[in-house]
Amino acid sequence: MDMIEKIKEGLGVRIVSWEEHSPRRIYITVKKEDIFEVSRFLFKELGLRFSTASGIDTPLAFEIIYHFSDDASGAVYSLRVMLSDKLHPEVDSLAPIFAGAEWVEREIWEMLGINFKNHPNLKRLLLAEDWPQGDYPLRQGK
Amino acid sequence: MSHRVIVPIGPYHPLQEEPEFFQLYVEGERVVDIDIIIGYNHRGIEKLSESKHFDQVAFLVERICGICSSSHPYAYVLAVEDILGGEEKLVPERAVYIRTIVDELQRIHSHLLWLGLAGHFIGYNTVWMWAWKYREPVLDCFEMITGNRNNYGMLKIGGIRRDIKDADISVLKKTLDELVPAVDMFKGAVMDDPVIKARLVGVGVLTKEQAIDYCVVGPTARASGINIDVRRDDPYGAYSNLDWNIIMEKDGDIFAKTVVRILEMYESIRIIRQCLDKLPRGAIDADIKDIPVGEGIGRVEAPRGECIHYIKSDGTNRPIRHKIRAPSFMNVASNKVGAVGGTISDATITLAAVDPCYCCTERVAVINKPDNKKIMNGWDLIKLSQEKTNKLRERFKDGGA
């Protein structure tokens, strides 16, 4: 069974949409409530490597794309999560599953103002200590 | 009663990239905890990128790092080409081969740079001088084929900017031929030296499980027994047409990381030689005009590991989001497990073993927390590291005599 089938079977109804931009670039939208469990499944059960996450400020929602790399096939599975509450964007932290998420989430937190629930050490990573609170450089309109 | 001392290492030297600040918590000789603080040179390149048009961004991201200065633009153009249908379909073959040559030359000079500094930190100044001496001809090759020793300006969406002249090929081949005995020498100097072994084996160990947990990449991962390399896994450039090997070690210590990097230089030389022999004739640029709506991911194996760029385009001439993740971002975080448990005299080499920037380890101070009295500077800590090697040298001399 190849990785695509394993993911489809493992995620089941949690897949909101499935887009294959090319054979090695697959974008899967999931609900934000499911991201912790879905990531745990990809990382722990299927052994995918967490590459990074991209936070994006779009007009209707904050979007986070978690890029998981399947190094056996060279495919990148990008999990897309939409955070439609633009005033209080919040999502579960993946750092309890793997340490590699810790810095990536700290960066998104300070750059876009997205809160990560249960993050072990949510503090500034790149911005200076005297950078104004509540000013998020990667939000649009800045 | 334990006596805890804080050892701050860092933060930065503005001439070099990737400044970091390491605060070591020390009890006696042993490192018990570490705080890693980065961001001293954060330039907001992701944000800047949103205000540049697609062609300018390649120059912008080239300036992220002065050592792997073709990896970032390469990952970026791959991300844009991913929107357009992929490098394979789009980019003329000759350009793909020249991209590969530049990518591998860069790996050689980066690994030599690391080897030299690693040698310096453990008191092998001859290794330092010689590694950098043999790095020079590689930089000269860059100057010859790209016009620059660093920040080559070669990559553009759909191709490259400068062709390699036929006359340059023989010079490149000659430089590579002369480089092989130098790498042989380093291999012998490192792998057969009992003092280096005593200094590096079992030091700064990152186990396979820890490496997976921290999602490390590149030589740091391969030295811990993780078989990953973007060049093979998610092929770009000409790598899938060439014959080369992935270098793997399993111990995860600094010795393993050193061995991986030294042996990788042989593979890079092999790759470049094959590229030069197979270099096809033809155009070097696909002449791309517009970037359509879409999103793309580009990945390359930089000297330090996977470098990934994500681009989102709304059909205008500028990206609306450009996410950049350099390999050291994942690797440096793993120092948390690499350095803790080791001794303070191993700290400089352990922190340097993931091949971050050296600026961090140059600026070091040791402060006794309770009274804030004793202060050591960076040179003192490097000296401490070098003294340890000297003691080992003496011991091995006595043993041998």
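Helices (H or I, at least four residues) and strands (E, at least two) are DSSP runs, numbered from the N terminus. By that rule, chain B has 17 helices and ten strands. This is a predicted model, where local features need pLDDT of at least 70, side-chain atom pairs count only at pLDDT 80 or more, and totals for chains, interfaces and linings use all residues. Residues are numbered from 1 along each chain as its sequence is written, while chains are lettered from A and ligands numbered from 1 in the order in which they are written.

Start with chain B as a whole. Its C-alpha atoms fill a box of roughly 70 × 45 × 35 Å along the principal axes. Of its 401 residues, 53% are buried (20 or more other C-beta atoms, placed from the backbone, within 10 Å of a residue's own).

Now look at two helices of chain B, α7 (residues 166–191) and α12 (residues 254–278). Their axes, lines fitted to C-alpha atoms over the stretch in contact, come within 10 Å and cross at roughly 160°, on a scale from 0 to 180 degrees between N-to-C directions. The two are therefore roughly antiparallel (angles over 145 degrees). Among the residues that meet (C-beta atoms, placed from the backbone, within 7 Å) are B:L176 in α7(B) and B:I269 in α12(B).

Finally, turn to where the chains touch. Chain A gives 24 residues to the contact, and chain B gives 26. On the side of chain A, β3 (49–57), β4 (62–70) and α3 (101–112) each supply at least two residues. The largest share, six residues, comes from β3(A).

Definitions and conventions
Parallel < 35°, antiparallel > 145°, perpendicular 65-115°, else oblique. Contact = placed C-beta atoms within 7 Å. Buried ≥ 20, exposed ≤ 12 C-beta atoms within 10 Å, placed from the backbone.
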